Amino acid sequence: MKGIQMDSTFIDKIKEITKNKEYKYSIMTMGCQLNENDSEKISGILEEAGYTKTENLEESNIIVFNTCCVRENAEDRLFGKLGEVKKYKEKNGCIIIIGGCMMQEKQMVNKIKESYPFVDIVFGPHTMKNLPKDIYERILENKKIEDILDIDGEILENVPIVREDKIKASVAIMNGCNNFCTYCIVPYVRGRERSRSPIDIYNEVKELAKKGYKEIMLLGQNVNSYLVSERKENKDLEYIVTIENGEKRKVNSFATLLRLINEIEGIERIRFISPHPKDFTDDVIEAIKDCSKVCKFIHLPLQSGSTKVLEKMNRKYTKEQYLELVQKIRKKIPNIEFSTDIIVGFPGETEEDFKDTLDVVNKVKYEQIYMFIYSRRIGTVADKMENQIPEEIKHERFDRLKKIAEEIIEQKNKKYIGTIQNVLVEGKSKTNEKIYTGRTETNKVVNFEGNDGMLGKILPLQIISEHMWYLKGKQIM
Ligand code: SAH
Ligand code: SF4
Ligand code: F3S
């Protein structure tokens with residue numbers, strides 16, 4: 001989809017107001033990596049408008065909450081924090097802004113209006129382009145602003161962006177989701193799938209390479225259906241991108257996008273999150289295999305190992321199909337590793353169903369498992385299902401899964417000891433200035449003694465010990 005350009009008129013107008021003043025902002029990010037990427041854009045807009053970032057809420061002129069609503073605990077966190085910032089507002093009159101996915105839920109916006117009337121601006125993921133105008137009007141007219149769109153927003157290009165990290169950068173390639181897994185609120189709050197144009201993505205990554213970034217994380221709710229919706233409308237859809245050496249590349253899918261990004265000089269690692277198992281076509285497997293920069297590590301969300309539960313979740317694959325996919329990928333790319341997402345306690349999940357999940361976990365032997373207790377979301381199909389699982393059973397299953405996952409991680413960590421791993425050095429320890437930290441291609445954290453010259457480099461390190469959540473390495477002489 002061809003994006004629209006961010007308009008800087010109101011950013012310039014705010015700049016007039018902040019000129020020669022020391023205005024500050026703080027931002028709290030509560031969601032996934034796409035939400036973090038949005039926060040980097042909100043920071044970009046505010047810094048462009050003359051605000052500087054602070055961690056100290058008390059001295060902030062603007063406080064932004066970028067919310068998530070995928071599980072219930074996200075709400076509790078927001079309301080707790082709002083109670084705290086009310087004090088600062090009373091003291092210094094700061095502007096309080098709430099953005100993000102939760103603001104697409106009507107009942108949440110109503111609750112904020114009723115119970116937290118001191119909030120100044122609410123806006124949703126589809127209205128970021130209006131944020132400068134909303135802030136400007138709030139400063140000038142002191143009125144409350146509710147800026148939420150029920151229809152899908154356009155793809156916004158050229159948004160100023162401030163990235164904290166100087167080595168790894170996230171790049172959104174698409175927005176929205178068409179899958180409607182029955183437990184999930186995301187399709188309701190993020191709208192339908194819309195893919196950015198490959199030319200815009202290519203230019204953004206090239207720019208990042210020029211700035212010295214080494215690792216790119218391609219983001220989307222369902223990255224391997226990149227351009228699929230667009231292709232349904234126009235089956236001959238194809239973008240021609242001219243690369244640095246003047247050659248032309250055709251892009252019409254996720255696989256061809258991976259191949260394109262792989263050619264950008266300076267970028268050394270490419271990751272992506274999240275693919276959907278049902279869309280993991282052979283061309284994607286081939287692209288991962290062929291592209292030297294694409295990490296041989298895939299986050300492949302399982303959600304449940306029971307075919308019956310998967311069907312009720314509307315995941316569109318069976319236990320067997322998932323396992324076959326893993327086998328197929330392993331056969332083509334022997335050194336590949338996986339991580340996953342699993343939900344325990346989906347409505348109607350029996351002990352047998354849960355054992356199927358454990359069976360898949362034991363078979364695939366993931367490097368990492370992100371485990372979630374099923375959380376009811378208003379408006380989703382699963383929320384209305386009978387047989388909701390009692391909290392204590394959900395927790396008991398969660399603990400059992402966690403124990404098995406940790407045993408597998410420990411076993412797998414032991415296999416790293418003695419091996420040489422290529423580690424991208426990302427930063428240094430906050431507590432010991434000699435200790436540097438980085439990640440293997442398989443996303444394992446490795447700590448080792450190093451120096452500043454190593455930052456941003458990929459170094460071969462020998463792994464000497466394992467500590468569950470990280471490995472220790474040393475340089476090879
Ligand atoms: N689009 C991505 C994930 C989006 S949300 C994907 O399909 O993988 C991230 C994870 O949150 C999901 O993978 C799922 O495991 C979890 N999740 C989503 N809705 C949930 C709910 N209602 N309760 C508990 N976990 C949930
Ligand atoms: Fe939610 Fe499913 Fe879409 Fe992921 S694929 S965002 S879990 S609906
Ligand atoms: Fe949360 Fe929205 Fe991401 S609901 S998980 S911040 S897409």
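**Figure 1. Polar contacts of ligand 1.** In this predicted model, an oxygen atom of ligand 1 lies 2.9 Å from an N or O atom in the side chain of Arg71. A polar side-chain atom of Gln303 is 2.7 Å from an oxygen atom of ligand 1, and a polar backbone atom of Tyr183 is 3.0 Å from a nitrogen atom of the ligand. A polar contact is a pair of N or O atoms within 3.5 Å; within protein, one must be able to donate a hydrogen and the other to accept it, and residues adjacent in sequence count only if both atoms are side-chain atoms. On its own, ligand 1 has 540 Å² of accessible area, and the protein covers 90% of this (Shrake-Rupley method, 1.4 Å probe; for residues, only the protein chains shown count as cover).

Residues are numbered from 1 along each chain as its sequence is written, chains are lettered from A and ligands numbered from 1 in the order in which they are written. As the model is predicted, local features need pLDDT of at least 70 and side-chain atom pairs count only at pLDDT 80 or more, while totals for chains, interfaces and linings use all residues; side-chain values use heavy atoms, leaving out hydrogens and water.

**Figure 2. The shell around ligand 1.** Of the 15 residues around ligand 1, Arg71, Gln221, Gln303, Asp341 and Ser375 come nearest (a residue is near a molecule or strand if one of its heavy atoms lies within 4 Å of it). The shell holds 7 nonpolar, 4 polar and 4 charged residues. Here Ala, Val, Leu, Ile, Met, Phe, Trp, Tyr, Cys and Pro count as nonpolar, Asp, Glu, Lys and Arg as charged, and the others, Gly among them, as polar. Domain 2 (165-295) and domain 3 (302-415) each give at least three residues to this shell; the bounds come from an automatic or database domain assignment.

Figure 3. Around ligand 2 are Cys177, Asn179, Phe180, Cys181, Tyr183, Cys184, Val186, Pro187, Gln221, His276 and Arg315. This shell divides into 7 nonpolar, 3 polar and 1 charged.

**Figure 4. Domain 3 against domain 4.** The C-alpha centres of the two domains are 30 Å apart. In domain 3, 9 residues are in contact with 9 residues of domain 4 (heavy atoms within 4.5 Å). About 910 Å² is buried between them, with carbon and sulfur atoms giving 51%; buried area is the accessible area (1.4 Å probe) that two parts lose on being put together, summed over both. Glu367, Glu406 and Asn413 supply 49% of what domain 3 buries against domain 4, more than any other three residues.
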